[in-house]
Amino acid sequence: AGSVEFHAKDGAVWVLALLQAQVTNQGDAWHFMVDQLARLLESMRNIETDPLAGMDAMAARLQVLARRVAELHVALAQPHGLAAFDPEPIRAADLERWSAAARQECDRTLELLALRHASLSESHAALATRIVAAVPALNARIARAATAPAAGLKTRLHGDLHLQQVLFARDDFLIIDFEGEPQRPLEERRIKHSALRDVAGMLRSLDYARHTALNQSAQGAAELDRFAPVARRWEQALRQAFLQAYGGVAVAGGLHASEAAFEQSAALLDLFELEKALYELRYELDNRPDWVGVPLAGIAALAGITH
């Protein structure tokens with residue numbers, strides 16, 4: 001509806017504020033997904049209830065969101081003659097640079113984890129020790145991305161996409177908050193990147209939703225052990241549904257040359273999921289130590305650790 005701009009003497013224009021219409025909504029996608037999974041888990045207290053019966057409906061709902069995310073990325077990939085927004089091909093040098101950055105993130109995060117190891121709970125400390133021992137497996141994940149085929153496009157992207165950045169409105173979804181990760185410098189947030197970084201953020205958000213709903217629903221250790229496999233199956237089903245719907249729109253919109261090309265981008269998606277989980281672990285260590293188990297489990301899974 002309007003904006004306030006600062007025009008610098010060198011001709012640069014900075015948007016200081018903007019005004020948008022209010023969107024009538026039923027809350028964000030985070031609370032919606034957590035509540036839906038919590039209800040599904042709580043229904044397991046009735047032995048006659050099939051806990052898997054509600055997953056298809058939730059997967060179908062999430063596929064709507066996946067298509068909206070893909071449509072956003074297709075829109076951002078359209079050429080407009082503006083250098084700051086026009087798409088560019090991903091090159092081998094980009095893969096090498098992104099992999100090097102992830103390796104630095106890994107080293108930095110594991111150093112912090114070692115410093116905080118004594119403050120972790122017994123179970124978290126044990127998992128942290130196994131992750132440190134699995135550094136070669138993490139480095140192998142990173143190396144696979146560096147040597148993957150250079151395909152697809154670099155574009156501007158959301159930059160901090162997760163379920164809380166999405167409004168649930170009239171059986172549909174609206175993506176909000178395009179400022180990127182607030183802890184990263186502005187120049188870094190404006191750099192063109194693979195849209196799979198946004199996809200990785202959404203997949204990591206599903207993992208957080210799983211853990212949140214599980215801890216909210218389970219009453220005691222026995223229920224936690226009983227509910228956990230179902231919650232894991234929920235996440236796996238929704239992850240698969242999201243990627244299937246996203247890939248269909250992304251391929252049709254030209255972000256990937258074919259379905260096979262999208263599937264071959266798995267190594268790059270793994271890289272961005274690892275990068276996001278490492279970022280999350282540093283955040284939790286500094287701000288919410290009780291939550292370190294979520295990114296630790298995510299990193300462990302990417303390292304091939306089962307627990």
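How many bridges join β5 to strand β6, and do they run parallel or antiparallel? Select residues 172-175, which are strand β6, together with β5, and you will find 4 bridges between the two strands, which run antiparallel. Before going further, note that this is a predicted model, in which local features need pLDDT of at least 70 and side-chain atom pairs count only at pLDDT 80 or more, while totals for chains, interfaces and linings use all residues. Residues are numbered from 1 along each chain as its sequence is written, and side-chain values use heavy atoms, with hydrogens and water left out.

Helices (H or I, at least four residues) and strands (E, at least two) are DSSP runs, numbered from the N terminus, and two strands pair if DSSP finds at least two bridges between them.

**The β5 and β6 hairpin**

Stay with these strands and pick F168, whose bridge partner in β6 is F173. The two strands form a hairpin with 2 residues between them, and R170 in the turn has a positive phi of about 55°. Now select residues 166-169, which are β5: V166 and F168 on one side and L167 and A169 on the other are all buried, and both faces of the strand are covered. Here buried means under 20% relative accessible area, exposed means over 50%, and partly exposed lies in between (1.4 Å probe, protein chains only).

From L167, go to H31, which is 136 residues apart from L167 along the chain, although their C-alpha atoms are separated by 9.9 Å. H31 is found in helix α1 (residues 29-42), and its relative accessible area of 44% makes H31 partly exposed.

A nonpolar core is a set of buried Ala, Val, Leu, Ile, Met, Phe, Trp, Tyr and Cys residues joined through side-chain atoms within 4.5 Å. Select L41, L65, I131, L163, W234, F242 and Y246, which touch the most other members among the 89 residues of the largest core. Helix α8 (residues 221-252) gives the largest share of this core, 12 residues.

Contact means heavy atoms within 4.5 Å. Not counting residues up to four places away in sequence, F242 touches L62, L65, A66, V69, V199, M202 and L203. Next select E235, which is also placed in helix α8 and is buried, with a relative accessible area of 6%. Leaving aside neighbours within four places in sequence, E235 is in contact with L203, L206, D207 and R210.

Which strand is joined to β1 by 6 bridges? The partner is β2, and the two run antiparallel. H7 has V13 in β2 as its bridge partner, and in the turn of this hairpin, which has 5 residues between the strands, G11 has a positive phi of about 95°. Of the 7 residues of β2, the number buried is 0, so this strand lies largely in the open. L16, for instance, is in strand β2 and counts as exposed at 58% relative accessibility.

**The open sheet**

Finish with the open sheet of 3 strands, in the order β3-β4-β7, where the pairing is antiparallel. At the edges stand β3 (88-89) and β7 (193-194), each with a single partner strand, so one side of each is left without a neighbour in the sheet.
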